[in-house]
Amino acid sequence: MSTEELNNVRQALDMKVLLNHIYEYQKGVRQMVLFTCNTKYENFATTRLQHQNIEYIIQKAGNTTINIYFGRKQCLDANGARQKLSARAFRRREAVNTKHD
C-alpha cells in the first residue's frame, strides 16, 4: 500500500470516528466530546458541526493537530474555565437555536 493510500485510509478512519462521536452526542450518549485530528480536517469537522448546530471549541494541540471540543454549552463553559484557555488559544463557535441547552 502506498503512502497516499495509507493517508486516505487514515483520513477515512478519522472522519468515521468524528461522525460516530456526533451521532453519540445527538443520541444523548455523550454530553461533550474531545476529538483530536490533523489541522487539514478542521474545515470538514467544523462545517459538519455547524450544520448540526453543535457548539464547539477548537484548541491547538500540536504543530499539525487540533483538539475539537463539542457538545453542550454548559460542558464547554466548564471545560474552558477549568483549562483557563486564553482567547488566542482557542476559537469558539456558538450554535444558534441549539436544542441541547
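Colleague: Leaving aside its neighbours within four places in sequence, which residues is Phe 35 in contact with?

Modeller: Contact requires heavy atoms within 4.5 Å. By that criterion Phe 35 touches Asp 14, Met 15, Val 17, Leu 18, His 21, Ile 66, Asn 67, Ile 68 and Phe 70. This is a predicted model, in which local features need pLDDT of at least 70 and side-chain atom pairs count only at pLDDT 80 or more, while totals for chains, interfaces and linings use all residues. Residues are numbered from 1 along each chain as its sequence is written, and side-chain values use heavy atoms, with hydrogens and water left out.

Colleague: Which members of the largest nonpolar core touch the most other members?

Modeller: They are Leu 18, Phe 35, Leu 49, Ile 68 and Phe 70, in a core of 16 residues. A nonpolar core is a set of buried Ala, Val, Leu, Ile, Met, Phe, Trp, Tyr and Cys residues joined through side-chain atoms within 4.5 Å. At least two residues of this core come from each of α1 (3-26), β1 (32-38), α2 (42-51), β2 (55-60) and β3 (65-71); α1 gives the most, with 4 residues. Helices (H or I, at least four residues) and strands (E, at least two) are DSSP runs, numbered from the N terminus.

Colleague: What makes Phe 70 buried or exposed?

Modeller: Buried means under 20% relative accessible area, exposed over 50% and partly exposed in between, with a 1.4 Å probe and protein chains only. Phe 70 has a relative accessible area of 0%, and is therefore buried. Tyr 25, at 3% relative accessibility, also counts as buried.

Colleague: Why is the pair formed by the rings of Tyr 25 and Phe 70 classed as it is?

Modeller: Rings of Phe, Tyr and Trp (its six-membered ring) pair if their centres lie within 6.5 Å; planes under 30 degrees apart count as stacked, over 60 as edge-to-face and the rest as tilted. The structure holds 1 aromatic pair. The centres of the Tyr 25 and Phe 70 rings are 6.4 Å apart and their planes stand at 85°, so the pair is edge-to-face. Tyr 25 lies in helix α1 and Phe 70 in strand β3, so that distant parts of the chain, 45 residues apart, are linked by the pair.

Colleague: How do you know that β3 pairs with β1, and in which sense?

Modeller: Two strands pair if DSSP finds at least two bridges between them. β1 and β3 have 7 bridges and pair in the antiparallel sense; Asn 38 stands opposite Thr 65 in β3. β2 and β3 also run antiparallel, joined by 6 bridges, and a hairpin connects β2 to β3 through 4 residues. In β3, Phe 70 is the bridge partner of Tyr 56, and Ile 66 that of Lys 60.

Colleague: Which residues of α2 are buried?

Modeller: They are Glu 42, Ala 45, Thr 46 and Leu 49. Seen down the axis of α2, these fall within an arc of 90°, so they line one face of the helix. Asn 43 and His 51 are exposed on the other side of α2.

Conventions:
The arc is that of the directions from the helix axis to the C-beta atoms.
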